[in-house]
Amino acid sequence: MASPASQPQRLVGLNLMVTIESKPPTARSGEAVYFLIATVALALVAAAATAASKDPLFQFQGWIFTIAFTLGSFALAAGISSGSFNSPQDRYSDGVIKAGVIATMFWGAAGMLVGCIIAAQLSWPRIFYFPDFGFLNFGRLRPLHTSAVIFAFGGNALIATSFWVVQRTCRARLFGGIAPWFVFWGYQLFIVLAGLGYLVGITQGQEYAEPEWATDLWLAIVWVAYLLVFLGTIWKRKEPHIYVANWFYLAFIVTIAILHIVNNLALPVSFLNHRSYEVWAGVQSALVQWWYGHNAVGFFLTAGFLGMMYYFIPKRAERPIYSYRLSIVHFWALIFIYIWAGPHHLHYTALPQWAQTLGMTFSIMLWMPSWGGMINGLMTLSGAWDKLRTDPVIRMLVVSLAFYGMSTFEGPVMSIRAVNALSHYTDWTIGHVHSGALGWVGFVTFGSVYCMVPWLWKKDRLYSNTLVEWHFWIATTGILLYISAMWVSGIMEGLMWREYTPQGFLAYSFVEVVAARHVEFVIRLGGGLMYLAGALIMIYNLWRTVQLPSSESAAHPANATPAPLALAAE
């Protein structure tokens, strides 16, 4: 076998210590002063704009900006005066990751709760309709639910895990001093602005891209800072090899930045008005929106979470990734093909048919690299299959791959024009989305957080593996109830829509189609409540884990060792 020097793709037996350099503590108060000056200036600008505006919705968001920047100024001033920023620079920056884990679980529970509320509204609209409280209407809660679970729950999970992975696999502290904290708190501000904005009616009405121009602009600033922190950490790495998980994280960060900026190009009515008009119009607007929308799924909900998979499954299984070459093929094929698949959302529209066919073709091609990644993750357990019986966390991670494989098979099938004619705009699409969101994204996040919490808080173990078992089985049952109900409901809905009388009229009215799906709606609510119950069990388990006594063995460098890279075939 060739030496490691001649095989840069192999990284066997790498031992990354918790302490990364023998350097004395370095003061960061100077950086904090610049952040303080910027934050005070932003608070003053936000207060002035709020006072000058005559738009009540702009004023509402202006007050949120002003309060957030003011609190940030006080926090920075207190940190500078107390010397809190004079932290040792010879250790990994784990405080921001701890905050990210807490935010992930908080927003996850909140987003799932809102999802259960709107599922109840669809099941019993007369009971759960609140005419005196417009902010609780389905039309405002539904985007709140999707944004909370995708961007709040999923986004915080991606930021926290990427900060963990990039430090451990690069043997370098996070770049930027307190910039990672700016990324974290700036992202929380975006979540609050977007979520409260939906409730009061601030939305541009685009799927997965509802926030208006001011919120979009703030997110762009935060996201660029996130990119710089991640790139800077890779740049100053002590390990020459860039582990494949970082490739997926970096692709996710860069592509989402491009998607966000292009899709949200807009001209504000005025700089003191919350409303704006997008630069795209007509069919171009639809094409750009679904180029963004599908790739938000492809890069935010797939590429980023594949970064989790490529680190936490080998780490938890204590096995090398099955095939490093396959992971590279998986990466480049996925990145190239996914970007073209968006037009399949626009079958039977004004979009030229060649563009529709292009989207369908690339969607079908996606099946191969997606299953290549799934097989790579599953085969990593070769020689460690017994862990599926004894370790519920690795079982959750592996089952997430099963849902990933199922969703990435179903999606290409649904992109075929003849199938799409039946499935599109029906509950079948809702079931498909949630099989990926609950099964793939949810489970790989839960498994990764279960891994990180004992490492971050220096614990020997989780508080209770039995509670993890309960979480796994309750949530899995909930997913199966949810997606099965939506499959039945969606296919029935599509068939009823295309049913005609002998006279050529539609056989069923809209109300009749809705009433026919009542039982499936109730089953969906039951499945959602079970999934939420599993998340609450997890939160309790993690809280009790943090309360366990810390131990020296849990802080041993082995807990900071990344998964070794090797090609099983070599």
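Guide: Let's begin with how the chain meets itself: of the contacts between residues at least 6 apart in sequence, 84% join residues at least 24 apart. Keep in mind that this is a predicted model. The protein has 18 helices and two strands. Its radius of gyration is 24 Å, close to the 25 Å that the globule rule gives for 570 residues, so the protein is as compact as a globular protein of that length. Along the principal axes, the C-alpha atoms fill a box of roughly 85 × 65 × 45 Å. Of the 570 residues, 55% are buried. The protein exposes about 24,300 Å², and carbon and sulfur atoms supply 72% of that area.

Now to the rings you asked about. The structure holds 45 aromatic pairs. One of them joins W213 and F271: the ring centres are 5.9 Å apart and the planes stand at 80°, an edge-to-face arrangement. Where do these two residues sit? W213 belongs to helix 6 (residues 213-235), while F271 is in the loop between strand 1 (266-268) and strand 2 (276-278), so their pair ties together parts that are 58 residues apart in sequence. The two partners also have their own surroundings. W213 has a relative accessibility of 15%, and it counts as buried because the cut-off for that is under 20%. F271 has 64%, and it counts as exposed because that cut-off is over 50%.

For a second pair, turn to F248 and Y310. Their ring centres lie 5.3 Å apart with the planes at 20°, and the pair counts as stacked because planes under 30 degrees apart do. This pair also links distant parts of the chain: F248 is in helix 7 (residues 244-263) and Y310 is in helix 8 (residues 282-317), 62 residues apart.

Which residues make up one aromatic cluster? The members are F151, F163, Y187, F190, W223, Y226, F252 and F300.

The charged end of R168 sits over the ring of W164, at 3.6 Å from the ring centre. In another case, R275 places its charged end over the ring of Y277, 5.7 Å from the centre.

Y208 has a phi near 65°, which is a positive value in a residue other than glycine. You will find Y208 in the loop between helix 5 (179-200) and helix 6. Y208 is buried, at a relative accessible area of 14%. Y425 is not a glycine either, yet its phi is positive, at about 70°. The place to look for Y425 is the loop between helix 14 (417-423) and helix 15 (427-456). With 57% relative accessibility, Y425 counts as exposed.

How values were computed:
Residues numbered from 1 in each chain as written. Predicted model: local features only at pLDDT ≥ 70, side-chain atom pairs only at ≥ 80, totals over all residues. Heavy atoms only, no water. Phe/Tyr/Trp six-rings, centres within 6.5 Å; stacked < 30°, edge-to-face > 60°. Helix = DSSP H or I, 4+ residues; strand = E, 2+ residues; numbered from the N terminus. Buried < 20%, exposed > 50% of the residue type's maximum accessible area, 1.4 Å probe, protein only. Lys NZ or Arg CZ within 6 Å of the ring centre and 35° of its normal. Rg over C-alpha atoms; globule rule 2.2 N^0.38 Å. Contact = heavy atoms within 4.5 Å. Areas by Shrake-Rupley, 256 points an atom, 1.4 Å probe, with all protein chains shown as cover.
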